[in-house]
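Hi,

Here is the structure I promised to pass on. Have a look at it first, and then read my notes on the charged side chains below.

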Amino acid sequence: RKHLSELSRGLDSPESDGIKRIVVFYIPEIERKKRRWLRGELIAFQYRQLQKSVWIGEAPLPEEFVDDLDNLQLRGKVHIFRVESEGTLA
């Protein structure tokens, strides 16, 4: 728990660059503290929830955040997509 609270602490919320990013994750219930940490970080980076495990924002995620994902062994459970163009279904 202490380790989780120390991660990403002090990171400034990055400024929006106008490029949408989607973060999708599946973190099992047994790792709920990590899941709670991830949601808290996304909120701090001004991302908003689209669905339970799908978030969207327009700020680049800091390298330190990605390093924290590695340290928590979440790299394969969290996927970050950059939206190059938007559209609708016809």
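**Notes on the salt bridges**

Glutamate 29 is partly exposed, with a relative accessibility of 43%. Keep in mind that this is a predicted model.

What does glutamate 29 pair with? Its partner in a salt bridge is arginine 32, and the closest N and O atoms are 2.8 Å apart. Arginine 32 is partly exposed too, at 40% relative accessibility. The story goes on from there, as Glu29, Arg32 and Arg35 are linked in a network of salt bridges.

Next, take a look at glutamate 31. Its side chain meets that of lysine 34 in a salt bridge, at 3.0 Å from N to O. Buried or exposed, what would you guess for glutamate 31 and lysine 34? Glutamate 31 is buried, and lysine 34 is buried as well.

Now for glutamate 58, whose side chain forms a salt bridge with that of lysine 20 (4.0 Å, N to O). This pair links distant parts of the chain, with the two residues 38 residues apart. Glutamate 58 sits in the loop between β3 (54-57) and α3 (63-71), while lysine 20 is in the loop between α1 (2-6) and β1 (21-25). Glutamate 58 has a relative accessible area of 32%, so it counts as partly exposed. Lysine 20 is also partly exposed, at 23%, because buried would mean under 20%.

Cheers

Note on methods. Residues numbered from 1 in each chain as written. Predicted model: local features only at pLDDT ≥ 70, side-chain atom pairs only at ≥ 80, totals over all residues. Heavy atoms only, no water. Helix = DSSP H or I, 4+ residues; strand = E, 2+ residues; numbered from the N terminus. Buried < 20%, exposed > 50% of the residue type's maximum accessible area, 1.4 Å probe, protein only.
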